[in-house]
Amino acid sequence: MKKNFGAKPYTYPQPVFIIAAYGEDGVPDAMNAAWGGISESTEISMCLSPGHKTVKNILARKAFTVSMADASHVVECDYVGIVSGNEVPDKLEKAGFHTTRAEFVDAPMIDELPMTLECKLVSYDAESCRMVGEIVNVCADERILDENGKIAPMKLEPIVFDPVNNAYWKLGEKVGNAFKDGTKLK
């Protein structure tokens, strides 16, 4: 028998995104967000409320980065999500994060997080809180690449958000091959 929970934002896994942008003063800011994902082959969509300093910065600069939170930086990634840039303007510094200007957009990349999407703002609807960005580049630190030069999830160690228990989880082991294992049933 299944238990009903009603209408809740319960999906698994929910990626933990660290979204970063420069303020009008050039100071980098970042926030933690879990409600998002790929919405087109070169688009990412997220639900971000308009009161966030990072959202205001993105709207002003029309660019942002999205880094994958990883197991090595759970504390820092959670911190940038629970502290408002409106109240703590140097929260990236307090988290111990350092930034480098992205190569393809006017936004900061967090040096400690090894995988980043560089995005241009496509649209933002303050009523629904839906932000859409065009992914113009994906960059990854060489330390998370496999012998074929591809991103290795086990080296990246991305974390996911558990909305039911308010927890972060690290991805586990590979259990199958996409676009291949199902062919056994053809």
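This is a predicted model: local features need pLDDT of at least 70, side-chain atom pairs count only at pLDDT 80 or more; totals for chains, interfaces and linings use all residues.
**Strands, core and salt bridges**

Me: How many bridges join β5 to β10, and do the strands run parallel or antiparallel?

Reply: Five bridges join them, and the two strands run antiparallel. Strand β10 covers residues 130–140.

Me: And how many bridges join β4 to β5?

Reply: Four, again with an antiparallel run. Strand β4 spans residues 36–40 and β5 spans residues 43–47. The two form a hairpin with two residues between them.

Me: Which residue in β5 is the bridge partner of Glu40?

Reply: Glu43.

Me: Is Ala34 buried or exposed?

Reply: Buried, because its relative accessibility is 12% and the cut-off for buried is under 20%.

Me: What is Ala34 in contact with, leaving aside neighbours within four places in sequence?

Reply: Gln14, Pro15 and Phe161.

Me: Now the packing. How many residues has the largest nonpolar core, and which have the most contacts inside it?

Reply: The largest core has 23 residues, and Ile19 and Val66 have the most contacts inside it. At least two residues come from each of β2 (17–22), β3, β5, α1 (53–61), β6 (63–68), β9 (115–125) and β10.

Me: Which element gives the most to this core?

Reply: β9, with five residues.

Me: What does Ile19 touch, not counting residues up to four places away in sequence?

Reply: Among others, Ile19 touches Met31, Met46, Leu48, Ile58, Phe64 and Val66. Asp29 and Thr54 are also on its list, as are Ala30, Ala33 and Thr65.

Me: What about a second, separate core: how many residues, and which ones does it include?

Reply: The second core is separate and has 15 residues, including Val16, Ile18, Ala30 and Ala69.

Me: Changing topic. How many salt bridges does the count come to?

Reply: Four. One of them is Arg61 with Asp106, where the closest N and O atoms are 2.8 Å apart.

Me: Why does the Arg61 and Asp106 pair tie together parts that are 45 residues apart in sequence?

Reply: Because Arg61 lies in helix α1, whereas Asp106 lies in the loop between β7 (99–101) and β8 (108–110). Arg61 is partly exposed at 24% relative accessibility, and Asp106 is partly exposed at 28%. Arg61, Arg101 and Asp106 are linked in a network of salt bridges.

Me: Which residue forms a salt bridge with Glu157?

Reply: Lys170, with the closest N and O atoms 3.2 Å apart. Lys170 is in strand β12, residues 167–170, and Glu157 is in the loop between α4 (153–156) and β11 (159–162), so this pair ties together parts 13 residues apart in sequence. Lys170 is partly exposed at 49%, and Glu157 counts as partly exposed at 26%.

Me: And what does Arg143 form a salt bridge with?

Reply: Asp141, the closest N and O atoms being 3.7 Å apart. Arg143 has a relative accessible area of 47%, so it is partly exposed. Asp141 is partly exposed too, with 33%.

How values were computed:
Residues are numbered from 1 along each chain as its sequence is written. Side-chain values use heavy atoms; hydrogens and water are left out. Two strands pair if DSSP finds at least two bridges between them. Buried means under 20% relative accessible area, exposed over 50%, partly exposed in between (1.4 Å probe, protein chains only). Contact means heavy atoms within 4.5 Å. A nonpolar core is a set of buried Ala, Val, Leu, Ile, Met, Phe, Trp, Tyr and Cys residues joined through side-chain atoms within 4.5 Å. A salt bridge is a side-chain nitrogen of Lys or Arg within 4 Å of a carboxyl oxygen of Asp or Glu.
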